[in-house]
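Subject: Structure handover

Hello,

I am passing on the structure below for you to look through. My notes on it come after it.

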Amino acid sequence: MKSWRTFCTRRVSRRLIWAALSVLLLLSAALSLCLGAVPISLGDTLAALLGRIQGPQAHIVLYSRLPRTCGCLLAGMALASSGAVIQGVLGNPMAAPNIIGVNAGAGLIVALSGVIAPAAVAVTPLAAFLGALAGVMLVLFIAERTGASKLTLILAGMAVSAIFSAGIDAVVTFVPDALLGYSDFRIGSLAGLTMARLAPAAGIILLAFVLVLSLAGEMDVLMLGRDVSQSLGLRVKPMRLLLLALAAALAGAAVSFCGLLGFVGLIVPHIMRRLVGAESRGLILGSALGGAVMLTGCDLLSRILFAPYELPVGIMLSFLGGPFFIFLLLRQRGGRIHD
Amino acid sequence: MIELRDLSAGYGRQAVVHGVSMMLEPGKVIALLGPNGCGKSTLLRTVLSLQPRLGGEVLVDGVPAERLTPRQLAQKMTYLAQSRNTPNITARHMVLHGRFPYLSYPRRYRAEDYEMVEKALRWAGAENFAHRFMEELSGGQRQKVYLAMALAQDTQTILMDEPTTFLDVAHQLEVMAIARRLAEEGRAVLMVLHDLCLALRWADEAAVLIDGSMAFWGTPEDAFEAGILDRAFGIRLARVMTENGWQYYYG
């Protein structure tokens with residue numbers, strides 16, 4: 001075996017990885033529905049989902065845990081696949097929705113729409129998408145003006161994110177009710193999610209995800225670099241913009257209901273690149289599955305570790321994801337030295 | 001066939017290439033020679049419509065290039081870039097990208113594309129490492145994969161930007177042999193080369209660019225006899241007859 005990575009990218013082990021991801025997804029979703037401050041058995045949970053039992057337990061499952069679990073799965077899938085697309089299209093491993101201004105742009109619009117039209121829950125995801133799009137386009141514009149190097153892109157993203165974040169803070173300072181649970185929004189949390197709030201975002205996420213998957217071939221070619229992909233007949237600029245817009249839709253819609261969750265979009269694509277390889281279709285699918293598992297798992301832990309109190313999931317995500325990412329970085333360095 | 005008519009190219013308004021006219025005839029290997037910074041790569045990129053023209057025309061089978069879509073252009077010309085991103089995919093998948101210009105959305109590869117890829121891999125001598133990842137391959141092996149990818153693109157004209165750079169001598173010769181075989185199949189090959197001896201030994205025609213203008217276009221023998229390369233590079237080029245024809249050297 002040449003290395004762990006070579007091993008992981010072999011066909012047989014790939015199948016195992018896909019199987020493991022699917023099992024983990026089902027397991028995390030089931031546990032997320034059953035566990036919490038009040039544990040409910042799997043049988044009762046299923047019965048509640050199918051409408052066979054009534055009462056407080058059914059109420060908890062249907063109105064608290066089901067929206068929350070769906071929200072975790074959707075947000076994890078959206079943020080991680082958005083990260084995979086952004087990293088691929090920009091050819092930049094440091095890029096992610098929270099780093100290039102997507103999350104902050106969406107967040108600012110969500111805060112503003114909380115001031116202007118607090119009742120218009122259905123249009124919030126759409127507004128968040130526009131904010132995310134504005135963020136990524138601004139970053140791209142600045143980066144291209146300054147030479148489009150990988151570093152300037154990240155620096156431009158940081159600057160734009162800082163400005164948008166200051167905007168969020170300003171909005172909340174002047175209108176404290178703009179974001180109910182402001183601290184949760186900044187850290188990222190899925191507590192108190194309702195199906196009504198989730199549904200419009202879910203529509204955007206699923207549509208954007210299908211479109212992104214259908215453009216996996218184009219993404220593969222984009223990764224060969226501008227000149228080569230253009231010489232293969234790809235219209236590079238419009239395709240880059242389209243894919244980034246879809247990535248913004250994914251991340252923006254997720255931010256509209258889960259707040260500024262950052263880390264999933266950065267690390268899940270990195271992990272998946274090692275596990276399922278760099279080809280776009282597999283990477284996007286893998287990132288979606290991995291992101292859903294990771295966010296659902298972290299949300300579950302954040303609920304049960306200190307039950308009946310709970311942590312915002314963003315804290316758990318950073319506490320678990322950060323060290324794991326560092327572990328991967330150290331491992332990569334070791335691998336390079338010994339190869 | 002690709003024809004350049006009075007082509008000027010450059011960056012912004014600054015012309016680097018001035019009024020170049022030439023024909024890329026099928027069946028011929030043309031070596032594009034000239035000192036660093038004389039506009040060879042700019043010329044190549046402009047022919048491929050990767051950067052805008054400042055004047056003149058590029059005709060593709062008699063049609064101005066700007067009337068063709070990127071996809072139509074990609075079915076006429078292949079570009080072997082000097083440097084490129086290498087994503088960590090298998091060599092076979094890399095070659096499959098050569099079929100991209102023939103697919104429409106949502107880009108599902110067809111059985112004939114896979115057949116073409118296998119043929120191209122065998123043709124370029126890359127079939128033994130087709131299953132391996134690009135990162136694991138040596139420079140010479142990677143270049144063979146790129147050549148296979150170019151072949152899979154199946155165009156009449158192939159433009160190569162310094163395809164022998166960073167390769168050892170054996171691989172350099174292999175690349176030149178592949179270029180010759182492409183020409184024998186009826187394709188036009190235009191290659192930017194820095195190794196004059198390799199270029200003059202293997203090419204059918206030499207085009208010499210000095211300060212962005214075409215200073216010479218003809219057979220390698222004529223280029224030698226005109227002394228154009230001595231002037232362009234400030235060297236003394238000489239040759240000896242061997243059993244394989246003229247071999248060139250300089251001092």
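This is a predicted model: local features need pLDDT of at least 70, side-chain atom pairs count only at pLDDT 80 or more; totals for chains, interfaces and linings use all residues.

Residues are numbered from 1 along each chain as its sequence is written, chains are lettered from A and ligands numbered from 1 in the order in which they are written, and side-chain values use heavy atoms, with hydrogens and water left out.

Chain B: sheets

Six strands of chain B form an open sheet with mixed pairing, in the order β6-β7-β8-β3-β9-β10; two strands pair if DSSP finds at least two bridges between them. Its edge strands, each pairing on one side only, are β6 (77-80) and β10 (213-218) of chain B. From one strand to the next the twist averages 15°. Strand β3 (residues 29-33) of chain B runs parallel to β8(B), joined by four bridges, and Leu32(B) has Val192(B) of β8(B) as its bridge partner.

Angles run from 0 to 180 degrees between N-to-C directions, and axes are lines fitted to C-alpha atoms, for helices over the stretch in contact. Helix α5 (residues 139-153) of chain B lies across β6 and β7 (157-161), at about 170° to β6(B). Helix α6 (residues 169-184) of chain B lies across β3, β7 and β8, at about 150° to β8(B).

Another open sheet in chain B has four strands with antiparallel pairing, in the order β2-β1-β4-β5. Here β2 (14-24) and β5 (63-64) of chain B are the edge strands. Helix α1 (residues 40-47) of chain B packs on this sheet, touching β1 (2-11), β2 and β4, and its direction makes about 120° with that of β1(B). Strand β4 (residues 53-60) of chain B pairs with β5(B) over two bridges in the antiparallel sense, and Leu59(B) stands opposite Pro64(B).

Chain A: helix pairs

Helix α4 (residues 56-90) and helix α14 (residues 280-304) of chain A pack at an angle of about 140°, with axes 7 Å apart. α4(A) and α14(A) are therefore oblique to each other (angles under 35 degrees count as roughly parallel, over 145 as roughly antiparallel, 65 to 115 as roughly perpendicular and the rest as oblique). Among the contact residues are Gly76(A) and Ala80(A) of α4(A), and Ala288(A) and Gly291(A) of α14(A). The contact of α4(A) with α14(A) divides into 12 nonpolar, seven polar and four charged residues; Ala, Val, Leu, Ile, Met, Phe, Trp, Tyr, Cys and Pro count as nonpolar, Asp, Glu, Lys and Arg as charged, and the others, Gly among them, as polar.

Helix α9 (residues 195-214) and helix α12 (residues 236-258) of chain A cross at roughly 160°, their axes coming within 9 Å. α9(A) and α12(A) are therefore roughly antiparallel to each other.

Regards

Notes. Contact means heavy atoms within 4.5 Å.
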